[in-house]
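Please consult the sequence and structure shown below alongside the text.

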Amino acid sequence: MWQYNMDSPVMTQKVRVVVAPAAAPDGGYARFILLSCFLVFGLTYGVIKVFGVFYVEIHRHFETTATGTSWITSIAVATLHFLAPVASALSARYSHRSVVIMGGLMCGVGVVFGSFARNLNELYLTVGLLNGFGYAMTWPPTVTMLGLYFEKRRPVANALASSGECILTFVLTPLFQLLIDSYSWRGALLILGGLQLNLCVCGMLLRPLKTTRYVICEDKAEEEGLSLELLPKDDLEQSKPRLLDAEELRVSNHGTIKAFLEDPEEIPNSTMKVQDSYNRNKRAELRTKILRYVDYTLITNAKFMVYSMFGVFAALGFFAPALFLIPYARSKGIEEYQAAALMSISAVLDLFGRVFFGWLANLRLVEMVLQLTATMILLGTVLLLCPLASSYLELAAFSAAYGLMYGAAVAIHITMLAEIVGVNRLGSALGFFLLIRSSGGLLGPPIAGFFIDKMSDYGTGFLMAGVSLIVSALFLLLLHQMNRRGQGSSTNNHHMHTDNIGQSCRDEAKG
């Protein structure tokens with residue numbers, strides 16, 4: 001877009017739209033956003049954990065392998081991660097509210113259709129792919145909205161919202177075991193599909209924050225010393241191209257386009273320069289529009305990519321334990337309701353871990369990356385010790401320790417992402433982070449299932465998960481070193497700048 005000023009020969013050649021987000025309220029309607037995110041966590045990741053109850057019945061009904069049954073959860077998790085950037089782009093194009101409502105419909109329809117599945121392939125398509133697509137349309141936009149509504153209390157808000165996963169896991173695990181006993185796994189899936197339609201209600205609660213738009217008109221001759229002109233959105237109409245009243249256009253050495261109408265040889269040159277400038281502006285507008293929906297420049301952020309690699313190995317170990325805990329307990333001779341109670345025990349400690357360690361992160365007593373590193377190492381160690389547990393009390397102790405450390409990790413890993421890229425880029429960053437992490441979510445349970453089938457022991461799946469989590473902690477240590485190196489270089493630059501100013505002052509005093 002160009003703007004002509006009749007009082008000046010300068011023609012503005014570049015327009016940049018800047019969206020200034022509203023300040024995070026940290027209260028008021030933000031509580032409803034927190035409630036929405038709380039329920040979304042429970043009806044997405046909470047349901048993924050609860051699926052361990054269905055795993056035993058589906059495994060028995062279709063007489064398949066552990067690897068084959070685990071693909072249902074893996075496809076859902078991988079689809080959630082892989083399509084998260086699509087959800088982020090759709091949210092930017094339309095609204096977070098409409099995208100989440102559509103995602104809730106997809107989740108409900110996918111699980112309801114899954115209750116009529118005649119084979120595993122149909123379960124892969126419905127409960128896996130379609131349901132996972134719905135998860136991708138609901139969870140990332142809601143978490144992004146939570147980050148926009150909270151700033152000072154963001155770690156605590158993330159911890160409280162993610163506790164919905166724990167509370168609904170605690171409630172739904174014994175409930176669906178009862179429903180399976182009463183109505184079979186098909187009837188329980190049908191009820192679950194109806195329950196997930198409540199994600200549409202969660203989407204309705206997502207009221208967008210008001211934003212202020214500005215248009216910055218930059219002249220090509222900015223290097224000549226001209227200042228930028230900041231126009232509010234209401235002045236956009238005034239900045240539309242207007243015809244010049246002057247009888248001539250000349251090309252001056254200051255970049256102003258003028259051409260003598262009586263000199264026909266000047267007109268083609270002027271037209272070419274105008275066309276080149278127009279093409280540059282169109283490319284800049286296209287790039288700005290793409291960045292608004294998908295900030296692809298994140299892949300050049302070294303810290304973000306290192307954190308994404310942490311996410312890949314963490315996802316390899318995150319989802320397998322919850323899926324195989326109940327089957328592992330049943331293989332040790334534990335009664336079905338007692339085995340389901342293990343997930344409830346894990347959920348209670350998971351809730352405590354999220355709230356307590358989220359509050360601890362909010363105090364900023366230690367660097368968040370160090371807190372997350374220690375948590376991942378402890379969580380991996382707990383999973384490595386799982387095969388030693390055989391009695392119900394030992395399995396209950398393992399479930400409690402696993403839930404506590406899992407909650408501590410989940411409480412801060414999204415907050416850590418906001419610390420790396422900033423809240424204004426959180427939507428795109430979350431989408432890309434989940435996309436990169438999707439490979440770990442897809443392969444984790446099937447790899448664990450492969451070891452279980454080969455060794456005929458569910459304990460080997462926990463060993464695989466523990467090793468993956470400890471490896472993921474190595475990337476966090478690398479990220480910590482990058483942060484320290486960046487802080488050191490910033491400090492050195494500040495000292496050099498201070499010394500230069502002092503030297504200039506001394507030179508002026510001598511002069």
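## Helix packing

Axes are lines fitted to C-alpha atoms, for helices over the stretch in contact, and angles run from 0 to 180 degrees between N-to-C directions. Helices are DSSP runs (H or I, at least four residues), numbered from the N terminus. In this predicted model, local features need pLDDT of at least 70 and side-chain atom pairs count only at pLDDT 80 or more, while totals for chains, interfaces and linings use all residues. Residues are numbered from 1 along each chain as its sequence is written, and side-chain values use heavy atoms, with hydrogens and water left out.

Helix 9 (residues 302–331) packs against helix 13 (residues 426–455) at an angle of about 40°, the axes being 7 Å apart. The two helices are therefore oblique to each other (angles under 35 degrees count as roughly parallel, over 145 as roughly antiparallel, 65 to 115 as roughly perpendicular and the rest as oblique).

## Helix 4

The 19 residues of helix 4 (residues 96–114) should span 27 Å at 1.5 Å a residue, and the end C-alpha atoms are 27 Å apart, which agrees. The expected span is 1.5 Å times one less than the number of residues.

Buried residues (under 20% relative accessible area, 1.4 Å probe, protein chains only) of helix 4 include His96, Met106 and Cys107. The buried residues of helix 4 pack against helix 3 (84–93), helix 5 (120–149), helix 6 (154–196) and helix 7 (198–204), contact meaning heavy atoms within 4.5 Å.

## Ser399

Ser399 lies in helix 12 (residues 392–421) and counts as buried, at 0% relative accessibility. Not counting residues up to four places away in sequence, Ser399 touches Leu325, Leu342, Ile345 and Ser346.

How values were computed: Buried < 20%, exposed > 50% of the residue type's maximum accessible area, 1.4 Å probe, protein only.
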